[in-house]
Amino acid sequence: MALSPKLEIRQGQTLIMTPQLMQAIKLLQMSSLDLTSYVEAEMERNPLLERAEGEGGAGEADSPSEREAAEAAAPSSSGEAEGDAWLSSELSDSARDIAQRLDTDLGNIYPDDPGTGRTEAGTGEAQQRDPWQTGLTTRTGSGGASEDYNLEAFVASDVSLQQHLGDQMVLAIADPVERLVAQVLIDNLDDAGYLRLDLDDTAERMGIDRARLDGILAVLQTLEPTGVFARSLAECLKLQLIEKNRFDPAMEKLIDNIDLLARHDHAALRQVCGVDDEDLKEMIAELKALDPKPGSSFGETLIQPVVPDVIVRAARDGGWSVELNTDTLPKVLVNQTYYAHISRQARDEAEKSFLSECLQTANWLAKSLDQRARTILKVASEIVRQQDAFLVHGVQHLRPLNLRTIAEAISMHESTVSRVTSNKYMATPRGIFELKYFFTAAIASSGGGDAHSAEAVRHRIKVLIDAESPDDILSDDTIVKMLKDEGIDIARRTVAKYRESLRIASSVQRRREKKAGRG
């Protein structure tokens, strides 16, 4: 068969993801915080985007009456001058009072302050500056001092664990080389205060003997808070017990066999430690009073609160009112007036093309944000309709639900529903839940009735275990029988999986715990 070049014409259809469509999909699955950051970045790049202020919008020019009202509401320059004069007067009076009371010049009291009692060049008089103004003035770019009242100067900054330990280290270690090594160890602490380093590799990398590194570490382990620089939980507890002078031979054996304590095997612990029940209880109580994460109090991680995207309230007609949380929705407008004004001044095709692209991008972003809000509201409304029993009666009435059910009900694709429910939260009378919380697997009914939600079954297992007595601990097999009597067909391994997801110990461990607590 001979090969030869030839031309052919074919007709076909393909689906191409345009940049605009990709942007809309990207916006749909963003959380409220990510969306706010994205819109802020777009507003910096696009001069035609503006933030909407109030109901009137920010894209329209303010009317003369509105400008006059704003000027009237704003503090006048004379008022600011009066406030500054009052502040300067108060500070000057306080300076004079201090000088008269101490019978000396302020320059003698605060010799290190360059602005106190200093004679300014080019003037014939000594201008005294109140030393209390140090935190109240801010320098301007022209070299002058602004008289604004800076409250940030009085706010104490958070001290990190590394800073706290570094301040102690310079007092505990005098050798410059050892200080350098100690700083490396300090910088490698995790948030809990544990040292996660291979000391052999560290000694080789720093070029020092392992014995010297161990000596530096021993000094660092004496710093506050007690327990830092430990390499394991047992060592952390040991350091705290040594500091309390409670690390006796029995406690040492207890620390060495802490795995038995985790399994609540008190009989083996009594044998290993050589103590009776009462002494063992006291030793365990001492361990519980220690801090397993001594460095956690210095954490600087900012915890962001969950802000709901959808708010569900009870309506007057007995139903539910579903609305979007307007605080999480970025409000942007396209300034058509500015575009018309600046487009007339475009000098070449490049500028016209840039303005046209900015207008198209701004319009598409505004449209995408509106479509995103409508889609979230549509999906959330259907979820509320499907899970009405949960809102009325609680988690035990949560229905099995999947993405396909919602997608078919609102005539959307499953992938769209999946993107909408990612990183979105709903505030209900029963708390704030992620939208994905309402989608649970179905567990068949033993009587052939309606299926049960996996979340409802998990809740029922927790209720049964919480209600058990110390003399009658429920095994997984017993729970299976009880659930089948209630019409829930479930396997024992599924019960074990749900129990472990709830962080509930096995029946053997629960029996040991409750006997120990009762004894």
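## Helix 13 and its buried side

In helix 13 (residues 266-273), the buried residues are His 266, Ala 268, Leu 269 and Cys 273. They lie on the same side of helix 13, because the arc they cover around the axis is only 155°. The model described here is a predicted one. Directly after helix 13 comes Gly 274, which has a positive phi near 70°.

Helix 13 packs with helix 14 (residues 277-288): their axes come within 10 Å and cross at roughly 100°. An angle of 65 to 115 degrees counts as roughly perpendicular, and helix 13 and helix 14 are therefore roughly perpendicular to each other. From helix 13 the contact takes in His 266, Leu 269, Arg 270 and Cys 273, and from helix 14 Asp 277, Leu 280, Met 283 and Ile 284. Sorted by class, the residues of this contact are five nonpolar, one polar and two charged.

## The chain as a whole

The protein has 519 residues, of which 33% count as buried. Its secondary structure consists of 23 helices and 12 strands. Among contacts with a separation of 6 or more, 57% are between residues 24 or more positions apart.

## Helix 16 and its partners

Two packed helices are described by the angle between their axes and the distance between the axes. Helix 16 (residues 349-386) is described here with two partners, helix 1 (residues 19-28) and helix 15 (residues 336-343).

The axes of helix 1 and helix 16 come within 10 Å, with a crossing angle of roughly 40°. That angle makes helix 1 oblique to helix 16, and the crossing is right-handed. On the side of helix 1, the residues in contact are Gln 20, Leu 21, Gln 23, Ala 24, Leu 27 and Leu 28. They meet Gln 360, Trp 364, Leu 365, Ser 368, Leu 369, Arg 372 and Thr 375 of helix 16. The contact of helix 1 with helix 16 comprises seven nonpolar, five polar and one charged residues.

Helix 15 and helix 16 have axes 11 Å apart and pack at an angle of about 170°. Angles over 145 degrees count as roughly antiparallel, so helix 15 and helix 16 are roughly antiparallel to each other. Gln 336, Tyr 339, Ile 342 and Ser 343 of helix 15 touch Leu 355, Ser 356, Leu 359 and Asn 363 of helix 16. By class, the contact of helix 15 with helix 16 has four nonpolar and four polar residues, and no charged ones.

## Two buried glutamines

Gln 387 sits in the loop between helix 16 and helix 17 (388-393). Residues under 20% relative accessible area count as buried; Gln 387 is buried because its value is 1%. Apart from neighbours within four places in sequence, the contacts of Gln 387 are Leu 398, Arg 399, Leu 401 and Phe 438.

Gln 168 belongs to helix 6 (residues 161-172). With a relative accessible area of 18%, Gln 168 is also buried. Not counting residues up to four places away in sequence, Gln 168 touches Leu 223 and Glu 224.

## Backbone exceptions

Most residues other than glycine have a negative phi, and most peptide bonds are trans. The peptide bond from Glu 224 to Pro 225 is cis, its omega being near 0°. Pro 225 is placed in the loop between helix 9 (210-220) and helix 10 (233-243).

Asn 423 is not a glycine, yet its phi is positive, at about 60°. Asn 423 lies in the loop between helix 19 (414-420) and strand 9 (425-428). Its relative accessible area is 38%, so Asn 423 is partly exposed. Arg 503, another residue other than glycine, has a positive phi near 60°. Arg 503 is found in the loop between helix 22 (492-501) and helix 23 (507-518). Arg 503 counts as exposed because its relative accessible area is 80%, and the cut-off for that class is over 50%.

Technical notes
Residues are numbered from 1 along each chain as its sequence is written. This is a predicted model: local features need pLDDT of at least 70, side-chain atom pairs count only at pLDDT 80 or more; totals for chains, interfaces and linings use all residues. Side-chain values use heavy atoms; hydrogens and water are left out. Helices (H or I, at least four residues) and strands (E, at least two) are DSSP runs, numbered from the N terminus. Buried means under 20% relative accessible area, exposed over 50%, partly exposed in between (1.4 Å probe, protein chains only). Contact means heavy atoms within 4.5 Å. The arc is that of the directions from the helix axis to the C-beta atoms. Axes are lines fitted to C-alpha atoms, for helices over the stretch in contact, and angles run from 0 to 180 degrees between N-to-C directions. Angles under 35 degrees count as roughly parallel, over 145 as roughly antiparallel, 65 to 115 as roughly perpendicular and the rest as oblique. A crossing is left-handed if the near helix is turned anticlockwise from the far one by less than a right angle, and right-handed if clockwise. Ala, Val, Leu, Ile, Met, Phe, Trp, Tyr, Cys and Pro count as nonpolar, Asp, Glu, Lys and Arg as charged, and the others, Gly among them, as polar.
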